[in-house]
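Here is a friendly walk through one protein model. Please take a look at the sequence and the 3D view before reading on.

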Amino acid sequence: MYDPGQLRTFLAVAQTLSFTQAARRLDVRQSTVSQHVRRLEAAAGDRQLFTRDTHSVELTEDGEAMLGFARTILAAHERAAAYFSGTRLRGRLRFGASEDFVLTRLPEILESFRTDHPEVDLELTVELSGTLHERLAAGELDLVLAKRRGGDTHGELVWRSSLAWIGAPQLRIDPERPVPLILFPAPGITRARALEVLEADGRPWRIACTSASLSGLIAAARAGLGVMAHSRGLIPPGLVPVPARAALPELGDVDFVLLHGHGHGQRQGRGSRSTATSDRSPADALADAILAGGDRLHRPADAR
């Protein structure tokens, strides 16, 4: 009843909230994306899955419900295809994920991957996005899930999020004094963005806390030591966006992408190829699993 290709297209739109970005991810025309969504809506009894205008795309209540069904159907389809193709993935996969995903449901995706591919030896590295980019370039990682540097265009977009200044609810920012910052160390991507926009705005600042651990930054923010730049879709419990009256400059958007290491290259258009081909690598398989479950990555670990 539900075509796997249409479900993959639906997930791509749901995760990027953009028909244009979904088309780029799948390497198909935007008209094809629209057609797949219309056909899926028809198969679902003419239920509308997205609300769409010239500026934004949002999931409807039925669209939110379809997310879970799509993941389940595609996971079953992938397992069946792998089983009847007679191929079992083997080898070592060195996967790097940025600190941003520590509190999300990424462990669920990795657990499912381990269940589906028990003969793949998965090595997980959790680091700053900037460090992961460096290790990938050095050939030390096979696949990375991280923030994309400003101006970069490479990588498979998992989703795009706006950045926000966040802090403790009781925190008050004095516009006459330097902004107290809670930052990852260099080469943190959000660190660079925060300093860049403050400098461009002519706003004085001071570093109140530096930590390579997201948990450390969250603890400092909860204690009211200062503000931190963070994805609006991943705000930790106990922290809130800084009120507009603080007059802090806009941070813009950030892209979370999948990047393949040396020897893996940029994959072919996913909309036109089978995901159970004999030349499929462990990195390809995990990338497919992350893209299929990408909406879980901007939800807290305790959200269901």
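The report below covers helix packing, backbone details, cavities and a pocket.

## How to read this model

This is a predicted model, in which local features need pLDDT of at least 70 and side-chain atom pairs count only at pLDDT 80 or more, while totals for chains, interfaces and linings use all residues. Residues are numbered from 1 along each chain as its sequence is written, and side-chain values use heavy atoms, with hydrogens and water left out.

Let us begin with α1 (residues 4-16) and α2 (residues 19-26), whose axes come within 8 Å and cross at roughly 130°. Helices here are DSSP runs (H or I, at least four residues), strands are runs of E with at least two, and both are numbered from the N terminus. Axes are lines fitted to C-alpha atoms, for helices over the stretch in contact, and angles run from 0 to 180 degrees between N-to-C directions.

In contact terms (heavy atoms within 4.5 Å), T9, A12, V13, Q15 and T16 of α1 meet F19, Q21, A22, R25 and L26 of α2. That contact has five nonpolar, four polar and one charged residues. Here Ala, Val, Leu, Ile, Met, Phe, Trp, Tyr, Cys and Pro count as nonpolar, Asp, Glu, Lys and Arg as charged, and the others, Gly among them, as polar.

Next, α2 packs with α3 (residues 30-43) at an angle of about 105°, their axes 8 Å apart, so α2 and α3 are roughly perpendicular to each other. F19, T20, A22 and A23 in α2 meet Q30, V33, S34 and V37 in α3. By class, this contact has five nonpolar, three polar and no charged residues.

## Two backbone details

L17 sits in the loop between α1 and α2. Its phi is near 50°, a positive value in a residue other than glycine.

Further along, P187 is found in the loop between β7 and α7. The peptide bond from A186 to P187 is cis, with omega near 10°.

On a 1 Å grid over the protein atoms alone, a cavity is a set of points where a 1.4 Å probe fits but cannot get out, a pocket is an open set with protein on both sides within 12 Å along at least five of seven lines, and lining residues have an atom within 4 Å of a point. Grid points are joined across faces, edges and corners, and a volume is the space filled by probe spheres set on the points.

The largest cavity has a volume of about 50 Å³, and its lining has seven nonpolar, one polar and one charged residues. α7 gives the most to this lining, with three residues. The second largest cavity, of about 40 Å³, has a lining of three nonpolar, three polar and four charged residues.

## An open pocket

The second largest pocket holds about 520 Å³ of space. Of its 29 lining residues, T16, L17, S18, V57 and R160 lie nearest its centre. β6 (156-167) is one of the elements that supply at least two lining residues, and β6 gives the most, with five. By class, the lining divides into eight nonpolar, 13 polar and eight charged residues.

Terms used:
Parallel < 35°, antiparallel > 145°, perpendicular 65-115°, else oblique.
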